[in-house]
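Here is a short note for a colleague on the model below. Please read the points with the structure open.

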Protein chains: 2
Amino acid sequence: MSIGFELTATDGGARRGRLSTAHGPIDTPAFMPVGTAGTVKAMHPDSVAQTGAQIILGNTYHLMLRPGAEQVAALGGLHRFMNWPGPILTDSGGFQVMSLSDLRTIDEQGVIFKSHLDGSKHQLTPERAVDIQRLLDATITMALDECTPFPATEDEADRSMMRSMRWAERCRTAFAPRPGYGLFGIVQGGVYPRLRAHSVTALATIGFDGYAIGGLAVGEGQATMFEVLGATVPSLPADHPRYLMGVGRPDDIVGAVRRGIDMFDCVMPTRSGRTGQAFVRGGTLNIRNAAHAASDRPLDAACRCPACRGYARGYLHHLFKANEMLGPMLLTWHNLQHYQDLMAELRQGIEAGRFEEVARRWEAAPLQPEEPG
Amino acid sequence: MSIGFELTATDGGARRGRLSTAHGPIDTPAFMPVGTAGTVKAMHPDSVAQTGAQIILGNTYHLMLRPGAEQVAALGGLHRFMNWPGPILTDSGGFQVMSLSDLRTIDEQGVIFKSHLDGSKHQLTPERAVDIQRLLDATITMALDECTPFPATEDEADRSMMRSMRWAERCRTAFAPRPGYGLFGIVQGGVYPRLRAHSVTALATIGFDGYAIGGLAVGEGQATMFEVLGATVPSLPADHPRYLMGVGRPDDIVGAVRRGIDMFDCVMPTRSGRTGQAFVRGGTLNIRNAAHAASDRPLDAACRCPACRGYARGYLHHLFKANEMLGPMLLTWHNLQHYQDLMAELRQGIEAGRFEEVARRWEAAPLQPEEPG
């Protein structure tokens with residue numbers, strides 16, 4: 001395993017760092033746009049890069065089913081396939097198997113499931129998950145874990161976490177180190193500090209390029225999530241990157257960076273963009289709202305994305321009313337820009353020793369109600 | 001009226017020219033991508049410009065119903081609304097009224113119809129059509145005509161054409177000339193040379209900035225269309241641009257340029273792109289065809305668009321199978337690039353006195369059957 005990680009500044013618990021990978025550097029704290037099926041939906045990849053994103057996430061579950069990991073490998077790997085030369089982190093497939101597929105059977109060996117696309121039967125084991133991600137040419141491979149349901153009793157969470165730790169060790173054994181490529185382990189343990197602590201120790205003993213926190217943002221609420229982070233993150237190896245999976249809203253990200261998290265991914269900016277919800281400084285707005293029909297204001301005057309530089313809210317409203325593809329294209333771009341601007345400001349804040357000042361700006365008005373056009 | 005038109009070269013019947021408008025020049029022969037509802041579907045406007053397109057078409061019918069011509073005017077006109085600073089030609093709305101709306105009643109005054117969107121009642125007269133296009137800030141306004149059904153008897157075509165000529169005169173009267181803005185009349189008369197000749201004379205007597213040929217590409221077939229063009233175009237005023245409405249396939253365009261046409265519009269490249277049909281040198285292909293799934297060839301090795309420079313056919317195939325928006329985005333871009341490349345080569349061919357050599361290249365294999373990936 002050999003992904004470099006250098007910490008360049010800290011401010012309280014917040015960390016400013018840089019990963020070095022075979023496909024380029026990643027400045028942290030970093031947000032990874034989600035490219036589910038080999039595309040960040042509604043975006044040309046060069047537009048994704050223009051927002052400042054350095055790394056994207058690919059979904060192993062979707063890609064293994066269509067077009068298939070072997071097919072992606074035959075076409076040169078995911079970077080070449082989707083024309084994204086930069087770093088790609090792939091998840092293990094476990095989360096989607098457990099949430100999307102039919103008729104799954106989980107045992108110590110792995111999970112057997114039926115594709116939601118065509119009912120075909122597939123097996124995902126720790127070894128196969130690592131192999132699929134190798135075929136995809138993932139810069140960062142994620143260990144296969146069992147996603148503990150929420151809520152779960154401490155006993156359920158314990159058994160599930162212990163299995164994930166055994167799977168993590170099998171992934172570590174299956175993963176063939178290559179320069180600039182890495183493997184991350186995933187901390188589980190539900191909302192139970194004792195289990196999280198055990199999971200951290202187990203993973204650190206095995207040894208990974210980075211450590212992810214899994215099983216959060218599944219309904220426990222922001223306060224509980226922050227509590228778990230506060231109890232877990234400080235004991236993670238400080239010289240490796242920490243990745244909070246599937247999080248979240250801008251204020252979730254700010255709070256997690258404050259607690260020492262370096263990497264994030266979430267479908268929220270892209271998914272919201274496709275339905276007309278825009279993240280703007282000061283809150284969110286739904287561009288489909290009639291209040292915007294006659295507005296000649298930009299979406300967010302402080303934003304430099306094409307949606308904000310080129311168009312009035314009235315036009316964006318029209319695109320969504322008319323079901324024009326350019327609507328999702330522009331709002332996705334804007335939301336991704338908004339998230340990257342957040343990350344850039346957090347990084348600058350940490351460097352300047354003014355993290356809390358930046359944090360307050362972005363936490364000020366999370367998800368405000370609709371403002372008039 | 002005051003759109004400049006300069007003929008810079010001819011080769012046989014083919015003409016190389018340049019329009020000068022308030023929103024910039026248009027090199028002819030020119031193809032205008034269709035931006036139905038204030039957007040060229042699935043394209044950012046700067047991408048449309050990157051293909052080489054200098055002018056786009058907007059649909060008055062769609063825009064008058066949603067968001068409304070007054071709304072577009074209040075938001076700065078169509079150029080600002082849709083962030084396309086270049087020339088825009090708007091149709092009169094007549095064609096869509098007659099093909100899309102419910103319960104239309106046509107009489108000498110104009111046409112009354114119900115919106116296909118919400119059933120609301122609207123009237124379109126020659127005067128209102130001109131006024132709507134003024135509100136939209138159209139660079140080139142089209143006269144309202146009655147679209148003669150096909151097939152039509154000579155008598156039916158005669159009566160319809162004569163009404164269109166009376167409407168053309170009313171449009172000419174209603175149109176307030178502005179520097180760099182223009183009004184085009186539309187030749188009707190079905191497939192009857194006598195009627196077409198009468199229509200040409202009537203329009204030339206009224207006097208327009210340009211002359212369009214309407215009522216073709218409606219089912220009469222390419223041979224008949226070319227016959228009508230051959231009998232009609234030579235008598236059009238030579239010092240004004242000629243626009244063949246709603247045409248067409250690349251070989252239609254080549255044949256029409258040979259007969260003296262300067263301007264074209266068609267939904268074919270954009271609509272085909274959204275369904276997975278690509279125009280390539282040598283024919284067309286449907287990227288959804290399983291033959292392309294494992295192909296690492298570009299769509300068209302001779303094309304410089306992002307779809308051809310960045311991706312293998314296997315990836316584009318995957319995007320369409322997965323219903324990913326990037327599929328229509330890339331194929332639309334490619335098809336528009338293909339059409340603009342055609343126009344650029346035709347222009348160069350005319351300038352170099354080698355039009356027929358270029359024409360043969362593009363006519364060689366119109367709409368070939370699927371080629372393997």
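1. The centres of domain 1 of chain A and domain 2 of chain A, taken over C-alpha atoms, are 27 Å apart. Domain 1 of chain A covers 4–266 and domain 2 covers 275–363; the bounds come from an automatic or database domain assignment. The contact between them takes 26 residues from domain 1 of chain A and 21 residues from domain 2 of chain A (contact: C-beta atoms, placed from the backbone, within 7 Å).

2. This is a predicted model: local features need pLDDT of at least 70, side-chain atom pairs count only at pLDDT 80 or more, and totals for chains, interfaces and linings use all residues. Residues are numbered from 1 along each chain as its sequence is written, with chains lettered from A and ligands numbered from 1 in the order in which they are written.

3. On the side of domain 1 of chain A that touches domain 2 of chain A, α10(A) gives the largest share, six residues (helices, H or I, have at least four residues and strands, E, at least two, as DSSP runs numbered from the N terminus).

4. Chain B can be laid on chain A by a turn of 180 degrees and a shift of 0.0 Å along the axis, with an RMSD of 0.0 Å (least squares on C-alpha atoms of residues with pLDDT of at least 70 in both). The two copies are thus related as by a two-fold rotation axis. The same surface serves both: 100% of the contact residues of chain B recur in chain A.

5. Of the residues of chain B, B:M325 comes closest to the rotation axis, at 4.0 Å (C-alpha).

Notes:
Contact = placed C-beta atoms within 7 Å.
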